[in-house]
Amino acid sequence: MASEARKAAAAARPPPRDFLAHLEDYLARRDGVDKLLKISRYAARLALAAGPLPPPASARLKSFESSLGLSRKAFRLGKFVQDVNALRAHPGPLPPPFVLLAYGGEGVYYFIEQFVWLAKAGLLPAHLLPRLQRLSAWAELLGYVGSITIKLEEVTKMESSIKMRLAEGCGEENEAVRTMRGKLLLKRLSVVQDVADAFMALGDVTNGKGLLGSSTLTASAGLLSALISTHKNWNSC
């Protein structure tokens, strides 16, 4: 019976998508291009932190990394609107505290990042940049605190749901259980991504003191976050 159920589930699955068509859909998304830039930027940072490079190569790589950082700022233009809409769509007169912290913090972060981009591009006075970056880092960090708290609660609920399914007699090969396991894995990866990003935001807030100032750790955290986000975005488009 289990073998027949697996065969039926396999037959019900849609055929794999054409790779180039999937890639086109992925690159048409703002987040798709942004995460590819993020992978490139933190891979460059990791290469710079890994060991000494010839001076010309090091200079080119630093310029490349800096250019990618500025390019990514442009992709945040207007992105705060999604957080405003998420708060507006939440039922009730006032969202729960951690929901407000997650979406509010992220929304403020994306809003300030627009001015950081303008200052780095030279349109706003350069003396505003340190204050804008510090406000942005604090908003980002608070947003991740709320997001991680919410996602950990969701992980606990999903684990309980899977245990209930198994207690009802559903085996691990059950299609519903397998689907829930897949969603649980993605949610756990999302928590790891937020922790990695929060680590970098904490480094910005503390001006990279102690362990938070390690270039290798920061670059590794950024690359890990970018790879997880790319995986999620690829599967969702």
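This is a predicted model: local features need pLDDT of at least 70, side-chain atom pairs count only at pLDDT 80 or more; totals for chains, interfaces and linings use all residues.

Trainee: What percentage of the residues in the protein chain is buried?
Mentor: The C-alpha trace spans about 70 × 50 × 35 Å along its principal axes. The accessible surface comes to about 14,000 Å², and 65% of that surface belongs to carbon and sulfur atoms. A residue counts as buried under 20% relative accessible area. Of the 237 residues in the protein chain, the buried share is 33%.

Trainee: Among contacts between residues at least 6 apart in sequence, what percentage joins residues at least 24 apart?
Mentor: Contact here means heavy atoms within 4.5 Å. On that basis, the share in the protein chain is 70%.

Trainee: Are H5 and H6 roughly parallel or roughly antiparallel to each other?
Mentor: The axes of H5, residues 80-89, and H6, residues 97-121, come within 8 Å and cross at roughly 155 degrees. Angles over 145 degrees count as roughly antiparallel. The two helices, H5 and H6, are therefore roughly antiparallel.

Trainee: Is the crossing in which H5 passes H6 left-handed or right-handed, and which residues of H5 make the contact?
Mentor: H5 passes H6 in a crossing that is left-handed. On the H6 side, the contact includes Val-99, Leu-100, Tyr-103 and Phe-111. The residues of this contact divide into 8 nonpolar, 4 polar and 2 charged. From H5, the contributors are Phe-80, Gln-82, Asp-83, Ala-86 and Leu-87.

Trainee: Is Lys-151 buried or exposed?
Mentor: Lys-151 is found in helix H7, which covers residues 129-167. Leaving aside residues up to four places away in sequence, Lys-151 touches Lys-187, Ser-190, Val-191 and Asp-194. The relative accessible area of Lys-151 is 15%, and the cut-off is under 20%. Lys-151 is therefore buried.

Trainee: How many Å apart in space are Asn-235 and Tyr-26, C-alpha to C-alpha?
Mentor: Asn-235 lies in helix H9, residues 215-236. With a relative accessible area of 46%, Asn-235 is partly exposed. Asn-235 and Tyr-26 are 209 residues apart in sequence. In space, their C-alpha to C-alpha separation is 9.3 Å.

Conventions: Residues are numbered from 1 along each chain as its sequence is written. Side-chain values use heavy atoms; hydrogens and water are left out. Axes are lines fitted to C-alpha atoms, for helices over the stretch in contact, and angles run from 0 to 180 degrees between N-to-C directions. Helices (H or I, at least four residues) and strands (E, at least two) are DSSP runs, numbered from the N terminus. Angles under 35 degrees count as roughly parallel, over 145 as roughly antiparallel, 65 to 115 as roughly perpendicular and the rest as oblique. A crossing is left-handed if the near helix is turned anticlockwise from the far one by less than a right angle, and right-handed if clockwise. Ala, Val, Leu, Ile, Met, Phe, Trp, Tyr, Cys and Pro count as nonpolar, Asp, Glu, Lys and Arg as charged, and the others, Gly among them, as polar. Buried means under 20% relative accessible area, exposed over 50%, partly exposed in between (1.4 Å probe, protein chains only). Accessible areas come from the Shrake-Rupley method with a 1.4 Å probe; for residues, only the protein chains shown count as cover.
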